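Open your viewer, load the model and get ready to click along. We will go from stop to stop, selecting a few residues each time.

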Amino acid sequence: MESVLTFVRLAEEISREAGEMLLAKRPARPEVLATKSSPTDVVTALDRASEELIRDRIRAVRPGDAILGEEGGSTGDGRVRWIVDPIDGTVNFLYGLPEWAVSLAVEVDGEIVAGAVNVVPRGEVFTAGRGEGAWLGGERLRCNTGVPLGRALIATGFGYEAGRRKVQAEVLAQVLPRVRDIRRGGSAASDLCSVAAGRVDGYFERGPQYWDYAAGGLVATEAGARIGGLGGRPYNPDLTICAAPGLFEELHDLLAPLDPERDA
Ligand code: IPD
């Protein structure tokens with residue numbers, strides 16, 4: 001089996017290629033091609049083109065690998081599986097806001113070992129390899145430590161369905177008075193990289209899918225953050241919490257009694 005760093009380099013290279021294509025082809029006003037869970041959960045032609053490019057590149061170099069992609073679903077059944085979000089932050093992409101990313105993670109035997117998150121408009125590619133650290137270019141990343149909840153800048157996001165958003169607003173109303181402030185960037189992958197880089201202190205969200213957080217989660221944990229769900233469960237689409245140890249527990253204990261995994 002190839003080394004972790006081989007997978008990191010390949011994920012980075014492919015995420016850069018997809019990013020270049022997206023920058024070159026993004027029209028001034030991308031059109032919505034389809035909607036998914038709600039009328040505001042959109043897909044553009046370039047989400048699909050990006051995933052096709054990524055799948056072609058993976059198949060060309062590693063034809064036996066499995067792929068799980070946001071747009072194309074699951075294919076193949078190799079020991080190595082790629083987790084692909086061709087554009088995380090599609091609404092930002094649609095509106096021309098500079099916070100969207102190509103996110104690629106690599107699993108070997110079910111464990112995420114490598115990840116690359118290319119925040120394309122900012123020209124920043126975050127990478128991580130299991131046991132090899134998290135990096136932004138030549139800079140090794142370390143999340144902020146020793147920040148108490150009351151001084152923590154916390155990133156979060158909201159789902160696409162009204163019932164979920166109603167509960168998320170209720171939860172947020174309880175969180176907001178207890179933290180420094182909240183940021184809603186619009187890309188879960190990028191939010192997790194911001195935890196890694198110390199640009200926010202923590203992150204929580206209900207709803208993001210595996211492809212949204214697989215690569216960013218590795219970047220954050222390799223930068224020293226803890227990531228998990230409620231009550232000791234692994235992080236999952238019901239709830240993902242990420243912050244340095246200490247703040248993680250404070251944030252978890254604030255969220256748990258608010259029952260944040262429900263929908264109205
Ligand atoms: C979304 C983004 C957003 C988060 C949503 C995700 P998409 O992914 O990561 O930040 O709040 O929950 O669905 O739809 O742009 O790939």
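**Stop 1: a pair of neighbouring strands**

Start by selecting Val106: its bridge partner in β7 is Ala114. Before going further, a word on what you have open: this is a predicted model, in which local features need pLDDT of at least 70 and side-chain atom pairs count only at pLDDT 80 or more, while totals for chains, interfaces and linings use all residues. Residues are numbered from 1 along each chain as its sequence is written, and side-chain values use heavy atoms, with hydrogens and water left out.

Now widen the selection to strand β6 (residues 101-108) and strand β7 (residues 111-119), which run antiparallel and are joined by 8 bridges. Helices (H or I, at least four residues) and strands (E, at least two) are DSSP runs, numbered from the N terminus. Two strands pair if DSSP finds at least two bridges between them.

Helix α1 (residues 4-25) packs on the sheet here, where it touches β5 (80-88), β6, β7 and β8 (124-129). The direction of α1 makes about 30 degrees with that of β7. Angles like this run from 0 to 180 degrees between N-to-C directions, and axes are lines fitted to C-alpha atoms, for helices over the stretch in contact.

**Stop 2: the whole sheet**

In which order do the strands of the open sheet of 8 strands lie? Colour them one by one and you will read β4-β3-β5-β6-β7-β8-β9-β10, with mixed pairing. The edge strands are β4 (73-75) and β10 (139-140), each of which pairs on one side only. As background, strands of a sheet pair through backbone hydrogen bonds, either parallel or antiparallel.

**Stop 3**

Is Asn118 buried or exposed? Asn118 counts as buried, at 5% relative accessibility. Buried means under 20% relative accessible area, exposed over 50%, and partly exposed in between (1.4 Å probe, protein chains only). Leaving aside neighbours within four places in sequence, Asn118 is in contact with Ser15, Arg16, Gly19, Trp100, Ala101, Val102, Glu124 and Val125. Contact means heavy atoms within 4.5 Å.

Now move to the loop between β6 and β7, where you will find Asp109. Asp109 is exposed, with a relative accessible area of 53%. Phi of Asp109 is near 50 degrees, a positive value in a residue other than glycine. Most residues other than glycine have a negative phi.

**Stop 4: two helices side by side**

Select helix α5 (residues 188-197) together with helix α6 (residues 210-222): they pack at an angle of about 5 degrees, with their axes 8 Å apart. The two helices are therefore roughly parallel to each other. Angles under 35 degrees count as roughly parallel, over 145 as roughly antiparallel, 65 to 115 as roughly perpendicular and the rest as oblique.

Which residues meet here? From α5 come Ala188, Ala189, Leu192, Cys193 and Ala196, and from α6 come Asp212, Tyr213, Gly216, Gly217, Val219 and Ala220. By class, this contact has 8 nonpolar, 2 polar and 1 charged residues. Ala, Val, Leu, Ile, Met, Phe, Trp, Tyr, Cys and Pro count as nonpolar, Asp, Glu, Lys and Arg as charged, and the others, Gly among them, as polar.

**Stop 5: the cysteines**

How many disulfides does a search of the whole structure find? The search finds 0; a disulfide is a pair of cysteine sulfur atoms within 2.5 Å. Select Cys193: the nearest cysteine sulfur, that of Cys242, is 9.9 Å away. Cys193 is buried, with a relative accessible area of 0%. Then click on Cys242, whose sulfur is 7.5 Å from the closest cysteine sulfur, in Cys143, too far for a bond. Cys242 is also buried, with a relative accessible area of 0%.

**Stop 6: a second sheet**

Finish with the open sheet of 5 strands, which has the order β12-β11-β13-β15-β14, with mixed pairing. The edge strands are β12 (181-183) and β14 (226-228), each pairing on one side only. Inside this sheet, select strand β11 (residues 153-156) and strand β13 (residues 202-205), which run parallel and are joined by 3 bridges. Ile154 stands opposite Gly202 in β13.
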